[in-house]
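Hi,

Here is the structure I promised to pass on.

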Amino acid sequence: MPELPEVEVVRRGLAEFTTGRTIDTVEVLHPRPVRRHLAGPEDFASRLKGQVLAEPARRGKYLWLPLTSGDAVLAHLGMSGQFRVQPSGAPDEPHLRVRFRFADGGGEVRFVDQRMFGGLSYAEGGAELPAEIAHIARDPFDPLFDPDSAVAKLRRRRTGLKRALLDQTVVSGIGNIYADEALWRAKLHYARATETMKPFQAKEILAQAYAVMSEALIVGGTSFDALYVNVNGESGYFERGLNVYGQEGSPCPRDGRPIRREPFMNRSSYRCPRCQPVPRHVRW
């Protein structure tokens, strides 16, 4: 699933194209992507007609399109959701689900989703922050992110370190890829018990998560297949800079030991057995 850098790339692309534009019509081509809008596709479309878009916003992996009315369109990309910017009249994508046309007659925004795990919903009063995601913690790129508070939350969780990093109520935006990369950089095992960590260690892992996501953002994020692209259909290429994630059997860039892949929460974790040894106190 897209993590913070990939969603931020999409947000920036949409900001250049949508900010200040007036929605003319919304066409819902399949009801599933708007399933969280309980009033149905027709109501979703009618509410947006004539609305003016403000600059898109993001918290963690969630993106929303604020409206000048004070409401918003909340979006989650899921596993394969894409926002695409296209000229009016361009051929439809095979998995086009929702189309936004604008009053100025210019190009349109399309929500494309092959697997349809993502979706859009209308968030009343959600321009500042949709209520549906108010429980999600601030991410390290948020100007109001409080590192000391995040460190305290991390150390209170009494769980494995990677589980805490993936908990979006502790710190948002970090997913499987960037957690593994940050853990490798900090030389910490993913099952390290959070309550045994010193404050400086917790600060270090959060700093490394910020660093690796910053580097990924510069190059457009990580794309392993065509399901994640920016609004122009272009893939990111941070996968070329991954040190451990997806590198099973490859030599560790620090000490040359083969990278291991181990099962973790129905997914996988990648680590160097020498740089990141199993600690004495672990919480799987």
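This is a predicted model: local features need pLDDT of at least 70, side-chain atom pairs count only at pLDDT 80 or more; totals for chains, interfaces and linings use all residues.

What is the handedness of the crossing where helix 3 passes helix 6? The crossing is right-handed (left-handed if the near helix is turned anticlockwise from the far one by less than a right angle, right-handed if clockwise).

Local features need pLDDT of at least 70, side-chain atom pairs count only at pLDDT 80 or more, totals for chains, interfaces and linings use all residues, and side-chain values use heavy atoms, with hydrogens and water left out. Helices (H or I, at least four residues) and strands (E, at least two) are DSSP runs, numbered from the N terminus.

Back to the helices. Helix 3 and helix 6 (residues 199–218) pack at about 110°, with axes 9 Å apart; axes are lines fitted to C-alpha atoms, for helices over the stretch in contact, and angles run from 0 to 180 degrees between N-to-C directions. That makes the pair roughly perpendicular (65 to 115 degrees; under 35 is roughly parallel, over 145 roughly antiparallel, the rest oblique). On the helix 3 side the contact (heavy atoms within 4.5 Å) includes Val-151 and Leu-154, and on the helix 6 side Ile-205 and Leu-206. By class there are 8 nonpolar, no polar and 3 charged residues (Ala, Val, Leu, Ile, Met, Phe, Trp, Tyr, Cys and Pro are nonpolar, Asp, Glu, Lys and Arg charged, the others, Gly among them, polar).

Helix 1 (residues 4–18) packs on helix 6 too, at about 40° with axes 9 Å apart, so helix 1 is oblique to helix 6. Leu-4, Pro-5, Glu-8, Val-9 and Arg-12 meet Met-213, Ala-216 and Leu-217 there.

Now the annotations. An unreviewed UniProt entry lists His-95, Arg-115 and Arg-157 under "binding site"; UniProt positions are in the numbering used here, feature names are shortened, and annotations may be inferred rather than shown by experiment. These residues are up to 40.3 Å apart between C-alpha atoms.

His-95 lies in the loop between strand 5 (81–86) and strand 6 (96–102). At 29% relative accessibility His-95 is partly exposed (buried is under 20% relative accessible area, exposed over 50%, partly exposed in between; 1.4 Å probe, protein chains only). Arg-157, in the loop between helix 3 (147–156) and helix 4 (161–166), is partly exposed as well, at 32%.

Cheers

Key: Residues are numbered from 1 along each chain as its sequence is written.
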